[in-house]
Amino acid sequence: MATETEVAELLHQRGWRTAFTIAERVNAWAALVGFIERGYGDDIHEYTNDLYCRNWLHEAWLLLDEHIVQLWTPQIKALDDRYKAATVDDDGQALDRFHRLPGPDLWWWRRHPRILTEDLGRSLRSVGAIGTDPDTT
């Protein structure tokens with residue numbers, strides 16, 4: 001198992017655009033979850049790009065020292081729970097129409113926002129996603 005710095009550099013070498021810190025990726029996941037809870041207003045391409053912050057955390061967790069994992073896991077689990085509450089599980093049917101879904105262990109790709117608004121909402125509704133209108137929430 002490796003330190004945060006070692007994992008960040010390794011993931012950067014594997015293709016991530018920079019050597020992110022755990023705090024940066026947790027903050028990105030928290031921001032995305034907050035946007036989804038309020039109604040994500042950007043387009044489908046930005047949304048799928050934003051989901052990759054959670055992918056980074058998943059990849060890092062497989063490599064990090066156990067102590068670091070134990071330190072951050074409660075915060076990530078709480079964000080995951082909020083994400084699940086703010087999204088609908090459709091086994092990835094809607095997102096798969098716009099972006100190739102990664103492996104089944106990346107469960108966040110198999111859900112879409114419950115509140116469907118603006119560009120993302122229009123795109124997801126166009127492929128049959130069902131959600132709520134932000135004016136009725």
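In the predicted model, the buried residues of helix 2 are Ile 22, Arg 25, Val 26, Trp 29, Leu 32, Val 33, Gly 34 and Ile 36. These buried positions pack against helix 1 (4–13), helix 3 (44–61) and helix 4 (66–86), and also against strand 1 (87–89) and strand 2 (111–113). Helix 2 itself comprises residues 22–38, 17 residues in total. From its first C-alpha to its last, helix 2 reaches 24 Å, close to the 24 Å expected at 1.5 Å a residue. The residue that follows helix 2 is Gly 39, which has a positive phi, near 115°.

Helix 3 has 18 residues and spans 27 Å between its first and last C-alpha atoms, close to the expected 26 Å. At the N-terminal end, helix 3 is capped by Asp 43, a side-chain oxygen of which lies 3.0 Å from the backbone nitrogen of His 45. The buried residues of helix 3 are Ile 44, Tyr 47, Thr 48, Leu 51, Cys 53, Arg 54, Asn 55, Trp 56, Leu 57, His 58, Ala 60 and Trp 61. The packing partners of this buried set are helix 1, helix 2, helix 4, strand 2 and helix 5 (118–126).

With neighbours within four places in sequence left aside, Arg 54 is in contact with Trp 29, Ile 76, Asp 80, Trp 107 and Trp 108. Asp 80 is found in helix 4 and is likewise buried, with a relative accessible area of 8%. Beyond residues up to four places away in sequence, Asp 80 touches Trp 29, Arg 54 and Trp 107. The side chains of Asp 80 and Trp 29 are joined by a polar contact of 3.0 Å. Trp 29 is itself one of the buried residues of helix 2, and Trp 29 and Trp 107 are among the residues in contact with Arg 54.

The largest pocket has a volume of about 230 Å³. Helix 2 and helix 3 are the elements that give two or more residues to its lining. The largest share, 5 residues, comes from helix 2. The lining consists of Trp 16, Arg 17, Phe 20, Arg 25, Ala 28, Ala 31, Leu 32, Phe 35, Asn 49, Asp 50, Tyr 52 and Cys 53. By class, 8 of the lining residues are nonpolar, 1 is polar and 3 are charged. Arg 25 and Leu 32, both in the lining, also belong to the buried residues of helix 2. Cys 53, a further lining residue, is included among the buried residues of helix 3.

Leu 116 lies in the loop between strand 2 and helix 5. Leu 116 has a relative accessible area of 4% and is thus buried. Its contacts, not counting residues up to four places away in sequence, are Gly 121, Leu 124, Arg 125, Ala 129, Ile 130, Gly 131, Thr 132 and Pro 134. Leu 116 and Asn 55 are separated by 61 residues in sequence and by 23 Å in space, C-alpha to C-alpha. Asn 55 is one of the buried residues of helix 3.

Notes: Residues numbered from 1 in each chain as written. Predicted model: local features only at pLDDT ≥ 70, side-chain atom pairs only at ≥ 80, totals over all residues. Heavy atoms only, no water. Helix = DSSP H or I, 4+ residues; strand = E, 2+ residues; numbered from the N terminus. Expected span 1.5 Å × (residues − 1). Buried < 20%, exposed > 50% of the residue type's maximum accessible area, 1.4 Å probe, protein only. Contact = heavy atoms within 4.5 Å. 1 Å grid on protein atoms, 1.4 Å probe; cavity = no way out; pocket = protein on both sides within 12 Å on 5 of 7 lines; lining within 4 Å. Points joined across faces, edges and corners; volume = space filled by probe spheres on them. Nonpolar A, V, L, I, M, F, W, Y, C, P; charged D, E, K, R; others polar. Polar contact = N/O pair within 3.5 Å; in protein donor to acceptor, adjacent residues only side chain to side chain.
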